[in-house]
Amino acid sequence: MFEARLTQGKVFKQLIEALKDLVQEANIDCSDDEMSIQAMDNSHVALVAVSLRSGGFDHFRCDRPISLGFNATNMGKILKCAGNDDIITLKAEDDGDSLALVFESPGQDRIADFELKLMDIDSEQLGIPDTEYKCTIQMPSGEFQRIIRDMQVLGDTLTISCTKEGVKFHVAGDLGAGNVLIRQNNTAEKDEDKVMIDMQEPVELTFALRYLNFFTKATSLGPTVILSMSPEVPVVVEYPIGETGYIKYYLAPKIDEDED
Amino acid sequence: MAEDPQHPIEGTETHPSIDPSVLLPFNTRSPAPQPDRSTTKLLLDSLLKNSLRPEPCDVFGSGPLLLSDIPAVIRNNNERGVILGIDEAGRGPVLGPMTYAAAFWNPDSADSIPRGFNDSKQLTPEKRASLFEQILSSETIGFVLRILHASEISRNMLRRAPYNLNAMSHDAAIEMIWAVLNAGVRIDTCYIDTVGIADSYTRMLERVFEGKGITFIVEKKADAKYAPCSAASVVAKESRDTIIANWKWTEAHNYEPKNSREFGSGYPGDPKCKAWLDSNCNIDVPFGFPDFVRFSWAPAKNALKDGGGESGPVIRWDADEDEEDESGGKQSSMDSFVVSKTVEDMGRKGRILEELRRKKPRLDIFNELGLSKVTKFVEAP
């Protein structure tokens, strides 16, 4: 038996919103201390990893580990029926083939319950090797979203270079080129407005903007975003969710192939 | 793969003129070593000259893998382990197969290894051909050859979830190393000319061959630095050239494309190759090109996209849509960075989840009949 109740139901709503454009199907893996999702997009260019620890729920019970395969679009359709202030409860039987979603309005005067058919999804559990990232950039998630949106006007490919001057986002396309430079900013009043750059050595990587744009769908989940980069490995775009969870996106870089 | 572990041929020395077409169905993918050098040469010859090509072309399978005989020096001195080099030829061209080769020998017999190895592209054709001959006749060198025909490459790359050339290269290398290991040969050091990022390639190989005691040296231009790699490079390059020179068109009996073999180097930048592609585009609607062409290469794709010559239909492949933006470098894949968790490091939790996932999927019939699993029984009122 699995049961999880989330007063801030919109977190789950936004979470599914944030991955449904990237992955069609995924497993929710539940264990006694965590609910997690890990999935790759169809073309195996990006990977999304979600973790919500049990402490973040008002009530969390998972008698034995369970894997719930779902279709993200269909899950999204059901979650559209939940109000932003609703309390969401997820329930699944150990041997069942559906997931029950209960939406309670804040005043408890409206209770809706839905059932989503589950599916058997054949997916391998993947490990992501620990990498010591050469550059870690923390910035307001809204700012990152804006940069990605602006850059998309000019081209498909974004170069992110982190140097001691700051972080430069560069795009070049048919109609011209664009650059945005973000500098370290420790003095902002609120923590979430700060820009913090931790750089051991300069890194420059190139990515398909299309995917980064999918990632910014998670902007509503938290005020900050953390980018971690090292040469020739996927960038990690992490949105912390409160104190107890995160959604992390990994995106494989574009590489210059020396043709022989 | 190894449908028939038995060698269909025995005592070949007494049958020097064995009909190669008899061998093919049993042996093209058999990773078992050949019994002796003369059989190896005979089979290699028929593979390269395409007389062993099944008809119609191998649309669904993968190309042949040939493991030579294991030289007695290696077999009798197995403790030390061999040094093995891997290299490929024909990665860039839009035409013909990509060939992958491995060459191996015992480090003790280094003296009997021919001199003058280098990157096969830097050797003169004569020198290369003579080195190839020496490798084939050597009593100390063993080799493996894996041929990835253009049709195999096209099919893999144009899948909905593309299986890209780098992944195919990695898998070909892994397949060859397994073939050698399975033949009972210990490998001490393995030199590989890198494909993609050397570090992640090394890590992947170390993971796959964990516990086999192989040291992997994966470097750029390894074929110019390490003799086994150079030898592999020679085998790969000569094999590809021979295959192309002896290409038998699979399209139809007596089929001959326009301009026949005037395709130059096969590299998309070569004007001769361009002209050949142009003149053969959609000659036989709707097939596009002979299967000698890698349909997944941009020049071939673009030619077909433009409607292909005079009367061709416009072909759209779903898989292409994602690859449109090729500016700013080639999109790499997550596959080379992530590690599939082995059961041991998954822990208890992961193991149970993994077991759950291995459960057979529900048969469609249950869904069609609207049957669902019941976990609680309620008494009828």
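I began by settling what I would call an element: helices (H or I, at least four residues) and strands (E, at least two) are DSSP runs, numbered from the N terminus. On that basis, I find 14 helices and eight strands in chain B. This is a predicted model, so I checked the confidence before going further.

**Confidence, chain A.** The mean pLDDT is 91, and 98% of the residues score at least 70. I then looked at the elements one by one: strand S10 (residues 126-127) of chain A has the lowest mean, 78, while S17(A) has the highest, 96. A reminder to myself: where pLDDT is low, the predicted coordinates should not be read in detail.

**The sheet in chain A.** Which strands make up the open sheet, and in what order? I traced nine of them, with antiparallel pairing, as S6-S2-S3-S4-S19-S18-S17-S11-S15 in chain A. Strand S6 (66-71) and strand S15 (196-199) of chain A sit at the edges with a single partner strand each, so one side of each has no neighbour in the sheet. From one strand to the next, the twist averages 15°.

I zoomed in on one pairing. S17 (residues 224-229) and S18 (residues 235-241) of chain A run antiparallel and are joined by three bridges. Here Ile226(A) stands opposite Glu238(A) in S18(A).

**Helices on the strands.** Helix H1 (residues 9-20) of chain A lies across S2, S3, S4, S6, S18 and S19 of chain A, and runs at about 170° to S4(A). Helix H3 (residues 141-152) of chain A lies across S11, S17 and S18 of chain A, at about 100° to S11(A).

**Nonpolar cores.** Which residues have the most contacts inside the largest nonpolar core? They are Ile86(B) and Ile177(B), in a core of 88 residues. Helix H6 (residues 165-182) of chain B gives the most to this core, with ten residues. Apart from this core lies another, of 80 residues, including Phe12(A) and Phe214(A).

I also listed the neighbours of Ile86(B), leaving out residues up to four places away in sequence: among them are Tyr100(B), Met176(B), Ile177(B), Ile192(B) and Cys229(B).

**Chain B overall.** Of its 381 residues, 50% are buried. Among contacts in chain B with a separation of 6 or more, 73% are between residues 24 or more positions apart. The accessible surface of chain B comes to about 18600 Å², with 53% belonging to carbon and sulfur atoms.

Methods:
Residues numbered from 1 in each chain as written. Chains lettered and ligands numbered in written order. Predicted model: local features only at pLDDT ≥ 70, side-chain atom pairs only at ≥ 80, totals over all residues. Heavy atoms only, no water. Pairing = 2+ DSSP bridges. Axes fitted to C-alpha atoms, helices over the stretch in contact; angles between N-to-C directions. Contact = heavy atoms within 4.5 Å. pLDDT = per-residue confidence, 0-100. Core = buried A, V, L, I, M, F, W, Y, C linked by side-chain atoms within 4.5 Å. Buried < 20%, exposed > 50% of the residue type's maximum accessible area, 1.4 Å probe, protein only. Areas by Shrake-Rupley, 256 points an atom, 1.4 Å probe, with all protein chains shown as cover.
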